[in-house]
Amino acid sequence: MSDLDFLKNLVLAPYILKATALIGVSRRVGGNQFRHSFSTLGILLDYKYFTESILLKASLLHDLFEDIPETQIDEVRQIDADANQVVELVLEVTRRKDETKPDYLQRVLDHGSVKAKILKCADRISNLTDLHRDTHPDHKISDYLIQTEQFIIPMAQQVNADMVIELTDLIAKRRKIIQRMASGSTDGVIV
């Protein structure tokens, strides 16, 4: 089956309906988590993961259990034949209540499946794209970039060399914006 045929037969609607619960979860950068889930899906499609139905479906729900803890996981497991695997992947990339952010990222880096690492990299690409100085102070942006270098780049190195390039480029661009703004120069910088 060609990529086009696979995509024609991919049923995402039930996952989109579940993801609509994220409409009410706002993001500091504006918009909501529902739009972020579509951004993450779009990044995976951009990287041509056309035939990875579990990964694509999980991208729509990757923040659901963390952002809406009252979500009925057993309901999600009933969506379709892929649902159990989708739930397991979403749980794999969900930060546990007792985990610090570094512990969570280290867990995914050390023990995550290939799909979990790909999904986390796509999620971080989306987050970095949305990272702006008008929503986050420079030190928070800097900490986020360091965290990306420490945990996410090594994940990308394990699963997708092109994601390494994009992540590295996004980090460099965000650092350049911080440096230019700190020096008072806004030459050609859109923030």
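Is Lys18 buried, exposed or partly exposed, and what is its relative accessibility? At 23% relative accessibility, Lys18 counts as partly exposed, where buried means under 20% relative accessible area, exposed over 50%, and partly exposed in between (1.4 Å probe, protein chains only). The model is predicted, with local features requiring pLDDT of at least 70 and side-chain atom pairs pLDDT 80 or more, while totals for chains, interfaces and linings use all residues. Residues are numbered from 1 along each chain as its sequence is written, and side-chain values use heavy atoms, leaving out hydrogens and water.

Lys18 forms a salt bridge with Glu75, their closest N and O atoms being 2.6 Å apart; the term denotes a side-chain nitrogen of Lys or Arg within 4 Å of a carboxyl oxygen of Asp or Glu. Because Glu75 lies in helix H6 (residues 73-76) and Lys18 in helix H2 (residues 13-19), the pair ties together parts that are 57 residues apart in sequence. Helices here are DSSP runs (H or I, at least four residues), numbered from the N terminus. Glu75 is also partly exposed, at a relative accessible area of 45%.

A further salt bridge joins Glu88 and Arg77, again with closest N and O atoms 2.6 Å apart. Glu88 belongs to helix H7 (residues 83-92) and Arg77 to the loop between H6 and H7, so this pair ties together parts eleven residues apart in sequence. Glu88 is partly exposed at 42% relative accessibility, and Arg77 is partly exposed at 22%.

Within helix H9, Lys120 and Asp123 lie three residues apart, about one turn of the helix. Their salt bridge has its closest N and O atoms 2.8 Å apart, and both Lys120 and Asp123 are buried. Lys57, Asp80 and Asp82 are linked in a network of salt bridges. The count of salt bridges comes to ten.

Helix packing can now be considered. Helix H8 (residues 101-111) packs against helix H10 (residues 138-159) at an angle of about 15°, with the axes 10 Å apart. Axes are lines fitted to C-alpha atoms, for helices over the stretch in contact, and angles run from 0 to 180 degrees between N-to-C directions. H8 is therefore roughly parallel to H10, a term for angles under 35 degrees.

Helix H3 (residues 33-46) and helix H9 (residues 114-129) pack at about 120°, with their axes 9 Å apart.

How values were computed. Helix = DSSP H or I, 4+ residues; strand = E, 2+ residues; numbered from the N terminus. Parallel < 35°, antiparallel > 145°, perpendicular 65-115°, else oblique.
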